[in-house]
Amino acid sequence: MTRVLSCIQPTGDVHLGNYLGALRNWVSGQHEKDVFHGIVDLHALTVTEQPGVLGETTLKLAAMLFAIGLDPEVATVFVQSHVPEHTQLGWVMECTVSYGELSRMTQFKDKTAKREGHFISAGLFTYPALQAADIVLYDANEVPVGDDQRQHIEITRDIAIRFNHRFGDTLVVPEAVTPKAGARVMDLQDPTSKMSKSSESDAGCIMMLDDPKSIAKKFKRAVTDSDSEVYYDVKAKPGVSSLLDILAAATDSSAEALATQYTQYGPLKADAGEAIVAMLEPIQARYRELIGDKAELGRLLRVGSDRARTVASATLARVYDAIGLLPA
Ligand code: TRP
């Protein structure tokens, strides 16, 4: 069966755009392929300096991933730092990639430009080597990524091919695949930008744990368009079309069909808000249960990391053996 790896950094809380745009497809995808989902806390360490933060955000993200429906018996959900093979293979990957190649990574250039005047860790520079380890450890055939990550998959392929050339056929060379398209979820205050928690105010962003009242309020205040007709046209009517897209995603229907049922903005906003509240309610209930039972959450993560380690340790052993390191 095709092995798929996706990873997510535990930075910040999950919002509706993350869920409808991507994470919901992880849930349906778990029955189609052999999926591994890593919470990559060590990657987040490249830009995290405060103590006590990463463990907490990792736990919350794990609870959310299980709450939306990832089944630990079906999908392998693990925390990167619980699988020491990542950093062990990461070093081997660092020795298989060149300084020049790492210097050409556009994400490194962007991130360092943004962090001007701040501490720039060497980890930010060698990050792609750790990411390559994440991928090849699991013999992943496919890595679903957005355009911003394509260069990292390219370099992973280059590293794997070079390793195989030097030490014999050992690593599976992965492929970047385009994730199944999720819903278009735009910022409620700026319907021409994607919903994101970094936008100026949080009024345009629905967090997965928002309570029903604030969800209703955010929808009520959503920016709409200057005339007062309801029809679906992303260019001419970005605000209304975005509300229709969200309502369609929450109710599994089509935005165009929904548009014919409304003549005014008010009821559309109210229905979109209600639909999201209804969709999030069971997720929030499961989340609260899990986050209140740290022992159970820990157990679920151990199921994942045990399964991950079985695969990862076999790959690392294969790599050490191919290199010809002296067996311990
Ligand atoms: N670099 C990815 C990001 O910033 C996260 C990531 C780490 C990743 N390891 C990965 C993604 C392995 C895919 C596969 O989003």
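The legends below describe close-up views of one predicted model. Residues are numbered from 1 along each chain as its sequence is written, and side-chain values use heavy atoms, with hydrogens and water left out. Because the model is predicted, local features need pLDDT of at least 70 and side-chain atom pairs count only at pLDDT 80 or more, while totals for chains, interfaces and linings use all residues.

**View 1. The shell around the ligand.** The residues around the ligand are Leu5, Cys7, Gln9, Val40, His43, Tyr127, Gln131, Asp134, Ile135, Val143 and Gln149. A residue is near a molecule if one of its heavy atoms lies within 4 Å of it. Strand β1 (3-8) and helix α7 each supply at least two residues of this shell, and α7 gives the most, with 4 residues. Helices (H or I, at least four residues) and strands (E, at least two) are DSSP runs, numbered from the N terminus. By class, the shell has 6 nonpolar, 4 polar and 1 charged residues. Here Ala, Val, Leu, Ile, Met, Phe, Trp, Tyr, Cys and Pro count as nonpolar, Asp, Glu, Lys and Arg as charged, and the others, Gly among them, as polar.

View 2. An N or O atom in the side chain of Gln9 is 3.1 Å from an oxygen atom of the ligand. A nitrogen atom of the ligand lies 2.9 Å from a polar side-chain atom of Gln131. For Gln149, an N or O atom of the side chain is 3.1 Å from a nitrogen atom of the ligand. On its own the ligand has 360 Å² of accessible area, and the protein covers 87% of this area. Accessible areas come from the Shrake-Rupley method with a 1.4 Å probe; for residues, only the protein chains shown count as cover.

**View 3. Asp134 in helix α7.** Asp134 is found in helix α7 and belongs to the residues that surround the ligand. Its relative accessibility is 2%, so Asp134 counts as buried. Buried means under 20% relative accessible area, exposed over 50%, and partly exposed in between (1.4 Å probe, protein chains only). Asp134 and Asp147 are 13 residues apart along the chain, and their C-alpha atoms are separated by 19 Å.

**View 4. The largest cavity.** A cavity is a set of points, on a 1 Å grid over the protein atoms alone, where a 1.4 Å probe fits but cannot get out; lining residues have an atom within 4 Å of a point. The count comes to 1 cavity of 30 Å³ or more. The largest cavity holds about 60 Å³ of space. Grid points are joined across faces, edges and corners, and a volume is the space filled by probe spheres set on the points. The lining consists of Met105, Gln107, Phe108, Lys111, Leu124, Tyr127, Pro128 and His152. By class, the lining has 5 nonpolar, 2 polar and 1 charged residues.

**View 5. The second largest pocket.** A pocket is an open set of grid points with protein on both sides within 12 Å along at least five of seven lines. The second largest pocket has a volume of about 240 Å³. Its lining has 15 residues, and Leu42, Thr46, Gly123, Thr126 and Leu130 lie nearest its centre. Helices α4 (85-94) and α7 are the elements that give two or more residues to this lining. The lining residues divide into 6 nonpolar, 7 polar and 2 charged.

View 6. Arg3 is found in strand β1 and, at 16% relative accessibility, counts as buried. A polar atom of the Arg3 side chain lies 2.8 Å from the backbone oxygen of Tyr138. Glu142 is in strand β4 (residues 142-144) and is buried, with a relative accessible area of 18%. The side chains of Glu142 and Lys33 are joined by a polar contact of 3.1 Å. A polar contact is a pair of N or O atoms within 3.5 Å; within protein, one must be able to donate a hydrogen and the other to accept it, and residues adjacent in sequence count only if both atoms are side-chain atoms.

**View 7. Two loop residues with positive phi.** Most residues other than glycine have a negative phi. Asp139, in the loop between α7 and β4, has a positive phi of about 50° although it is not a glycine. Asp252 lies in the loop between α10 (238-251) and α11 (255-259), and its phi is near 55°. Asp252 is exposed, with a relative accessible area of 72%.
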